[in-house]
Amino acid sequence: MDDEKYTDINGKPITLDYQRHSSFCTEFIVSSPKVSIGTVMVATSFVWIFAYAVFCLTDNTAVLSSAIIITLIGMMLYIHFVKIDHESLLVIGSLGIQLSSSYASGREHTSFIEMSKIKDIVINEAIYMHQIIYYLCILLRDPADASAVSSVVPLFPSSKPRLNCLVKVYKTCQEIISKC
Amino acid sequence: MNSPNSPSPLPERAIYGFVLFLASQFGFFLFCLWAYVPAEWLALLGLTYWPQKYWVLAVPVYLLVALVVCVVVLFGVNMMATAPLDSVDNITDPYARRQPRHEGPEGGIPRLEDVPISEVNRKFFL
């Protein structure tokens, strides 16, 4: 909606789309940048030049055809299993929260968490590889002990937006969750 | 008074350190002797049962490569030991769950204790 520049933890630009369907239902969609044609061409040419060099050394044409097949299959697996196009969060008051990740090939993975299982949505800081990042997560209630946290579900795990985006999502979610 | 297990310097520790230093310098001197003196001269002295001279080069190389590998492996072990983003250990732990909530004295500074993450978030972001 508004054009504030959001980036992910690595500095790559992302977009946040925010739809308020009603007073107790909002949807957030975080979109990652698409795979650029330049990166695809660079990666393909690297693999093929390397395969051609190996062919010049070994004179085995199977190297060339296998390089082509590996490139094709690798790209198919990448866009189907790895590259996420957008992730969405749908919060419906007193019903639950639906998380959905949609991959570049069109595949979607959706999961729903009932409101009774949700203890809170918080922004937490944690060590991720070599840096400390803010991430938004859902705390799930422990069925045995009402005040304890049994597990944690991180939101937007692939796009990893920075704090300004997370605070926006946090404020709206807290409005809805604290009402019900 | 220092506790019995404190790591502070003591006269005994200084003596142990110096003895170790002398012993390691002497050990290095013996190693260099064995490395440089030709095997025939050592055999003249009656000392014939030595390891192959190959190890004079191999042992230092092995040790240095092992040192470099240890640096890389240490980094990897640290990354493996870091809790993943979906672990409850990033939120709380058994000690924080069991801590008693104390009532602070009137007008005084409250006791040091773990603040629940929900409260922290409300103070920071709402």
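## Basis of the model

Residues are numbered from 1 along each chain as its sequence is written, and chains are lettered from A in the order in which they are written. Because the model is predicted, local features need pLDDT of at least 70 and side-chain atom pairs count only at pLDDT 80 or more, while totals for chains, interfaces and linings use all residues, and side-chain values use heavy atoms, with hydrogens and water left out.

Helices here are DSSP runs of H or I with at least four residues, and strands are runs of E with at least two. Among the buried residues of α3(A) are C165(A), L166(A), Y170(A) and I177(A), where buried means under 20% relative accessible area with a 1.4 Å probe and protein chains only.

## Aromatic pairs

Over all chains there are 7 aromatic pairs, that is, rings of Phe, Tyr or Trp (its six-membered ring) with centres within 6.5 Å, called stacked if the planes are under 30 degrees apart, edge-to-face if over 60 and tilted for the rest. Y52(A) and F55(A) form a tilted pair, at 6.0 Å centre to centre and 40° between the planes; they stand 3 residues apart in helix α1 of chain A, so about one helical turn separates them.

Y170(A) and F125(B) form an edge-to-face pair, with 5.9 Å between centres and 75° between planes. Because Y170(A) lies in helix α3 of chain A and F125(B) in helix α5 of chain B, this pair joins two chains. Y170(A) is buried at 0% relative accessibility, and F125(B) is buried at 13%. Ring pairs link Y170(A), F124(B) and F125(B) into a cluster.

## The largest cavity

The lining of the largest cavity includes I133(A), Y134(A), Y135(A), K160(A) and L85(B), a lining residue having an atom within 4 Å of a point on a 1 Å grid over the protein atoms alone, and a cavity being a set of points where a 1.4 Å probe fits but cannot get out. Strand β8 of chain A gives the most to this lining, with 3 residues.

Terms used
Buried < 20%, exposed > 50% of the residue type's maximum accessible area, 1.4 Å probe, protein only. 1 Å grid on protein atoms, 1.4 Å probe; cavity = no way out; pocket = protein on both sides within 12 Å on 5 of 7 lines; lining within 4 Å.
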